[in-house]
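Please open the model in your viewer and keep the selection panel at hand. The tour below goes from one selection to the next and says what is found at each stop.

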Amino acid sequence: MDKNMFLVGLLIALLLAIFLSPFASPWPDGLEKVAENKGFINLGEVQPVITSPIPDYVWPGIKSERLATSVAGLVGTLILCGSGLGLGYFLKK
Amino acid sequence: MHIPDGFLTPQVFLPFWVVAVGGLGYALKKTKQILKEKAVPLMGVAAAFIFAAQMLNFPVIGGTSGHLLGGVLAAVLLGPYAGVIVISLVLIVQCLVFQDGGLTTLGANIFNMAFLGAMGGYFIYNFLKKRVGLALSVGMASWFSVVVAASACAIELALSGTSPFRIVLPAMVGIHMLIGIGEAIITCLVISFVLKVRPDLIYK
């Protein structure tokens, strides 16, 4: 995979994360819905074991939820690109 | 289907941690051996794309949404071992940075979505490829990967006493049979795009 192709791929991922993620369906996913319907969703309402810096894909402190989601998506996509690339180089060096 | 903290008991989540650590160690070793130098950038792009795509929940039915898991997508591009690594990376970052999926349940989530979703999905794809062709095998493997991962998730919930087996299994399988259609469509679209622009990126 050459540099241009890499940049095109990353650009597509960033565009999805920045411009489409704020418009994703807010409905619960399959597991959450089953947990609601079958009455065990409350078991998941415990204090999480670790505190995450960007909980629920919303960048803290940004008033507009859409913008906060876009920023979280942008940052997450870059983290994943960097860690995937870094791990690949580490394995093949 | 990222299982949060609280849904699984230690008797269930601890063994999955052991399996996840051992399996990832093996997958890293195999990836080091067989990953081609030129596929390294693809690991970054695949991880980034699958993370972004997982944020895009699509409505399914009755107030439920689904999103891409990406196991088959990663494995068709990178092979089963690097595919497992990429999905696990996504799950680890989602857990640590975005509070999506619990830390106690991370081993089970890696087992369901990376080992079953990417590795299991790859074996279905590879088995079907010679029989039904690339496009159909990608679609079917994607669908199965979601349904199999959902079944495993339901079994883990039942073993934890969170919900009875006869209730949680049909519920999880039923809704994920629909979500799996979305997985199949998205995976087929992306793979056919890659085939058009850079067919050499498909793992052989």
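At what angle do helix α4 and helix α5 of chain B pack, and how far apart are their axes? Before selecting them, note that this is a predicted model, in which local features need pLDDT of at least 70 and side-chain atom pairs count only at pLDDT 80 or more, while totals for chains, interfaces and linings use all residues. Residues are numbered from 1 along each chain as its sequence is written, and chains are lettered from A and ligands numbered from 1 in the order in which they are written.

Select residues 80-98 and 106-132 of chain B: these are α4(B) and α5(B), which pack at an angle of about 150° with their axes 9 Å apart. Helices here are DSSP runs of H or I with at least four residues, numbered from the N terminus. Among the residues that make the contact are Ile87(B) and Leu91(B) of α4(B) and Met113(B) and Tyr122(B) of α5(B), where contact means C-beta atoms, placed from the backbone, within 7 Å.

Next, select Ala184(B), which lies in helix α7 (residues 165-197) of chain B. Ala184(B) counts as buried because it has 21 C-beta neighbours inside 10 Å (20 or more other C-beta atoms within 10 Å make a residue buried, 12 or fewer exposed, and numbers in between partly exposed). Leaving aside neighbours within four places in sequence, Ala184(B) is in contact with Gly139(B), Ser142(B) and Trp143(B).

Now colour by chain and turn to the interface, where 49 residues of chain A are in contact with 61 residues of chain B. On the side of chain A that touches chain B, α1 (3-20), α2 (30-37) and α3 (65-92) each give two or more residues, and α3(A) gives the most, with 14 residues.

Finally, select Asp56(A) and Tyr57(A) in the loop between α2 and α3 of chain A. Most residues other than glycine have a negative phi, yet Asp56(A) has a positive phi of about 60°, and phi of Tyr57(A) is near 60°. Is each of these two residues buried or exposed? Asp56(A) is exposed, with 11 other C-beta atoms within 10 Å, whereas Tyr57(A) is buried, with 24.

Conventions:
Axes are lines fitted to C-alpha atoms, for helices over the stretch in contact, and angles run from 0 to 180 degrees between N-to-C directions. Two residues are in contact if their C-beta atoms, placed from the backbone, lie within 7 Å.
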